[in-house]
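Dear colleague,

Please find below the structure that I promised to pass on, followed by some notes on what turned up in it.

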Amino acid sequence: MWWRKPATLSAVTPSDQQSFTFSYKSVDGDPISATFFPAPESDTKTPRPLLVFAHAGGMVVGGRSDFPPQWLGYAGQSGWHFLTFSYQLLPPGNASTLIADVKDLGNWIGSSLNTLLVPHDQSVDLSRIIVSGQSAGGYIAYQCGRLFPPEVRPRAVLSFVGSACDWGPGSSSTWYTHPKPDGYQFRPNEPPITSFTEDMFTELLAGAVSHVSDIPFSSSPQVQLRSSYYRYLIATGTYAEKFGIEDGPVIPHMDASFPKTAIVHGNKDTLTPIEEAKAVFERLNGYGVEVKLFEIEGGDHDSDPGGPKVLEAFDLIHEWLK
């Protein structure tokens, strides 16, 4: 049954799992897709909870295949379905296109997903949806929490090392809006980056007509170029401007109607400072929303998505689903 609670976060190999890929919207005739992994041994007689996952990558890079295999394993052991999706990336996307994708995904889940699953003998319990994400995907999970339509209102939100694009009204954060004098260095083996030429930007957009929606992490030149572009935006304090000064921040939109929320974040994160997680916690807690911050002592942005604090968060979500 879906309420069984796994004792560990055990990874599975995605290619060994049954899956179905659907287009949840199109842009200029090109599909933007979601991949559904059914819970093992599930059928339409028992609609199952659905764990929705948004991938990392600073909204600049990444794809729906970039998810922690431990989370797919945990979902399966719990008797939950798992859904991972693509979304439009910056550039040429921005906060406005991302918000449109989130709304369209929620509407599609509510109106079409179960119909599409009938031939596969699967069914989703639309009253038990968890939205989750890692890094930039944590930000997208927050947006899903506020923008999904009432018929698929998430029962819970899970953010792992998630951003909140915290530069809105009342924010004291300067992370996304002020330049770093010595550039920005995420990992010790990466040189700080302070420039990004016009030729590099042209190469970055090569082949993009109006949108880019799925660039899975790899060692390819395009992935490396996009990763450099993200570091450049952080180094120069121009990320907020490029992503969307007005539409980007999510914290100002959080109120008493927001779903129950679990946040897992390392207190030594140099890519998405833990102050963002604390700002989300304080905002939701102030409105009386049930929220818990699981702080990883000494944890950085590369903290283990299968670690004990993540397991604690999933255990709490199990209780929230009852």
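**Helix packing and aromatic pairs**

In this predicted model, the axes of helix H2 (residues 95–117) and helix H3 (residues 136–147) come within 9 Å and cross at roughly 55 degrees, where axes are lines fitted to C-alpha atoms, for helices over the stretch in contact, and angles run from 0 to 180 degrees between N-to-C directions. Helices are DSSP runs (H or I, at least four residues), and strands are runs of E of at least two, numbered from the N terminus. H2 is therefore oblique to H3, since angles under 35 degrees count as roughly parallel, over 145 as roughly antiparallel, 65 to 115 as roughly perpendicular and the rest as oblique. The contact (heavy atoms within 4.5 Å) involves Leu98, Ile99, Val102 and Lys103 of H2, together with Tyr139, Ile140, Gln143, Cys144, Arg146 and Leu147 of H3.

Across the whole structure, 24 aromatic pairs were found, a pair being rings of Phe, Tyr and Trp (its six-membered ring) with centres within 6.5 Å, stacked if the planes are under 30 degrees apart, edge-to-face if over 60 and tilted otherwise. The ring centres of tyrosine 176 and tyrosine 239 are 5.6 Å apart with planes at 40 degrees, so this pair is tilted. Tyrosine 239 and phenylalanine 243 have ring centres 5.8 Å apart and planes at 25 degrees, so they are stacked, and both lie in helix H6, 4 residues apart.

Residues are numbered from 1 along each chain as its sequence is written, and side-chain values use heavy atoms, with hydrogens and water left out. Local features need pLDDT of at least 70, side-chain atom pairs count only at pLDDT 80 or more, and totals for chains, interfaces and linings use all residues.

Best regards
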